Amino acid sequence: MGYGIRRATPEDAEVLSALAARTFTETFGHLYPDEDLQGFLAESYAVERSRIVLAHPDYAIWLLELDGVAVGHAAAGPCGLPREDVRPGDGELKRLYLLKQHQNSGWGSRLFETALQWLERDGPRTLWIGVWSENFGAQRFYARYGFEKVGEYEFPVGRIRDREFILRRQPR
Ligand SMILES: CC(C)(COP(=O)(O)OP(=O)(O)OC[C@H]1O[C@@H](n2cnc3c(N)ncnc32)[C@H](O)[C@@H]1OP(=O)(O)O)[C@@H](O)C(=O)NCCC(=O)NCCS
């Protein structure tokens, strides 16, 4: 079977929550005291929350699978970043994560392109992404698709406040 990408459904809520918690921990877990991390994961990646988002028509989530086992995911929807110039109709890439052993082989690009196509399904529009200020690999990745830094904000994980960059791509 190999790798494949498919749109996730509410039936994938448990798989998605488990994978999202695992990939977030792998990528950023070392930045936070365990108590803050566990509280954040329990709230942000709760199965019930995943089920609601998966059933919502304004959001879309995709799973990257290897032989039917989820190893990555992307999430997209309306822009919720704290900027006064975000307009209704603007889109946001909300998550893009692959398990470590599957990174750097082109599948993150394919997953991202799937999300971009969906975000622009009704035509070009302004797109946004929030990215950790020290995630240089991801910043390079998004820059290749034309996303530019336009601001910053603080992202709370428990008591910790992360410095995040806000990236934007104008319609083209
Ligand atoms: C970012 C990510 C989705 C890219 O997917 P991928 O399949 O690894 O990437 P591709 O093979 O398509 O492209 C390679 C590029 O991805 C980026 N990348 C690769 N590994 C990365 C990592 N561990 N963390 C962040 N970016 C990474 C780099 O820009 C790389 O190109 P370069 O180093 O030659 O400049 C994936 O690496 C990942 O899940 N990283 C960890 C989670 C993360 O940082 N997500 C972004 C949160 S905003």
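In which helix does Ser50 lie? Ser50 lies in helix 3. Helices (H or I, at least four residues) and strands (E, at least two) are DSSP runs, numbered from the N terminus.

This is a predicted model: local features need pLDDT of at least 70, side-chain atom pairs count only at pLDDT 80 or more, and totals for chains, interfaces and linings use all residues. Residue numbers start from 1 along each chain, following the sequence as written.

Ser50 counts as buried because 24 other C-beta atoms lie within 10 Å. A residue is buried with 20 or more other C-beta atoms within 10 Å of its own, exposed with 12 or fewer, and partly exposed in between; C-beta atoms are placed from the backbone. Leaving out residues up to four places away in sequence, Ser50 touches Ala13, Leu16, Ser17 and Tyr45. Contact means that the C-beta atoms of two residues, placed from the backbone, lie within 7 Å. The C-alpha atoms of Ser50 and Phe165 are separated by 25 Å, and these residues are 115 apart along the chain.

Two packed helices are described by the angle and the distance between their axes. Helix 1 (residues 13–28) and helix 3 (residues 47–55) have axes that come within 8 Å and cross at roughly 115°. Axes are lines fitted to C-alpha atoms, for helices over the stretch in contact, and angles run from 0 to 180 degrees between N-to-C directions. The crossing of helix 1 and helix 3 is right-handed. A crossing is right-handed if the near helix is turned clockwise from the far one by less than a right angle, and left-handed if anticlockwise.

Helix 1 brings Ala13, Glu14, Leu16 and Ser17 to meet Val47, Ser50, Arg51 and Leu54 of helix 3. The residues of this contact divide into four nonpolar, two polar and two charged. Here Ala, Val, Leu, Ile, Met, Phe, Trp, Tyr, Cys and Pro count as nonpolar, Asp, Glu, Lys and Arg as charged, and the others, Gly among them, as polar.

**The ligand shell**

Which residues come nearest to the ligand? Of the 17 residues around the ligand, they are Gln103, Gly108, Ser109, Gly137 and Phe141. Strand 4 (91–98), helix 4 (107–119) and helix 5 (136–143) each give two or more residues to this shell. A residue is near a molecule if its C-beta atom, placed from the backbone, lies within 6 Å of it. Helix 5 gives the most, with four residues. The shell holds seven nonpolar residues, nine polar and one charged.

**The largest nonpolar core**

The largest nonpolar core has 33 residues. Trp62, Ala74, Ala115 and Leu167 touch the most other members. Such a core is a set of buried Ala, Val, Leu, Ile, Met, Phe, Trp, Tyr and Cys residues joined through C-beta atoms within 7 Å. The elements that supply at least two residues each are helix 1, strand 2, strand 3, strand 4, helix 4, strand 5 (127–132) and strand 7 (160–169). Leu167 is in contact with Trp128, Ile129, Val131, Tyr142, Phe147, Glu148 and Lys149, leaving aside its neighbours within four places in sequence.

**Loops and exposed residues**

Most residues other than glycine have a negative phi. Asp67 has a positive phi, near 50°. Asp67 sits in the loop between strand 2 (60–66) and strand 3 (69–78). Asp67 counts as exposed because it has 9 C-beta neighbours inside 10 Å. Asn104 also has a positive phi, near 70°. The loop between strand 4 and helix 4 holds Asn104. Asn104 is exposed, with 10 other C-beta atoms within 10 Å.

Lys100 is in the loop between strand 4 and helix 4. Lys100 is exposed because 12 C-beta neighbours lie inside 10 Å. Asp58 lies in the loop between helix 3 and strand 2. Asp58 is exposed, with 9 C-beta neighbours inside 10 Å. Gly77 and Pro78 are touched by Asp58, not counting residues up to four places away in sequence. Arg159 is placed in the loop between strand 6 (148–157) and strand 7. Arg159 is exposed, with 10 C-beta neighbours inside 10 Å.

| Pair | Separation in sequence | C-alpha to C-alpha distance |
|---|---|---|
| Asp58 and Gly91 | 33 residues | 9.9 Å |
| Lys100 and Phe28 | 72 residues | 12 Å |
| Arg159 and Asp36 | 123 residues | 6.4 Å |
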